[in-house]
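Please open the model in your viewer and follow the stops below in order, selecting each item as it is named.

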Amino acid sequence: MALAWDETFVLGIDEIDQQHRSIVEHFSRFSDAVQEGSANQLLLEMADFLYNYAQTHFATEERYMQRYSYPRIDEQRQEHADFTRDASELKTRLQDEGASRELAAALTGKMVRWVIQHVRNHDRDMVAYVRECMTREQGES
Ligand SMILES: [Fe+2]
Ligand SMILES: [Fe+2]
């Protein structure tokens, strides 16, 4: 699935938007490599990136959600846990089996779809809520 950064991904909290931009751009570079047939070299780098990304990015989002008592934090946590599991499974399989078309396909298929739907649905709702809280907070001070 081809993926490119565009304004439909912008949710309105700069720190979160920048992190989303980074994952979208990584995926986009990776799908170019798949088309050029050079994905195998990039797979290890992508697996490391995704694994680290999951730790940092989800921690960032959880910080906002906790600070403003987001009511759907459990759904977000569950989704984040699913992605983190997929990322660490990819890393392990890559170490055990080496790079393959099949692993590259898992990345460009399932994981890309997850990112698109998670950002456009779950994160969009969460950021809208957090922004409302932030605006209210600014009004009070
Ligand atoms: Fe996110
Ligand atoms: Fe999220």
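Begin with helices α2 and α3, where α2 passes α3 in a left-handed crossing (left-handed if the near helix is turned anticlockwise from the far one by less than a right angle, right-handed if clockwise). The contact of α2 with α3 has 13 nonpolar, six polar and five charged residues. This is a predicted model, in which local features need pLDDT of at least 70 and side-chain atom pairs count only at pLDDT 80 or more, while totals for chains, interfaces and linings use all residues. Residues are numbered from 1 along each chain as written, chains are lettered from A and ligands numbered from 1 in the order written, and side-chain values use heavy atoms, with hydrogens and water left out.

Glutamine 76 and histidine 80 are separated by about one helical turn, because they are four residues apart in helix α3 (residues 73-97), helices being DSSP runs of H or I with at least four residues, numbered from the N terminus.

Then move to the iron ion (ligand 1), which lies 3.5 Å from the iron ion (ligand 2), with glutamate 61 coordinating both. The protein donors of the iron ion (ligand 1) are His20 (NE2), His57 (NE2), Glu61 (OE) and Asp123 (OD), at 2.1 to 2.2 Å.

Finally, select histidine 57, which is buried at 2% relative accessibility (buried means under 20% relative accessible area, with a 1.4 Å probe and protein chains only), and aspartate 123, also buried, at 1%.

Key:
Helix = DSSP H or I, 4+ residues; strand = E, 2+ residues; numbered from the N terminus. Nonpolar A, V, L, I, M, F, W, Y, C, P; charged D, E, K, R; others polar. Donors = N, O, S within 2.8 Å, 3.2 Å for Na, K, Ca; no water. Buried < 20%, exposed > 50% of the residue type's maximum accessible area, 1.4 Å probe, protein only.
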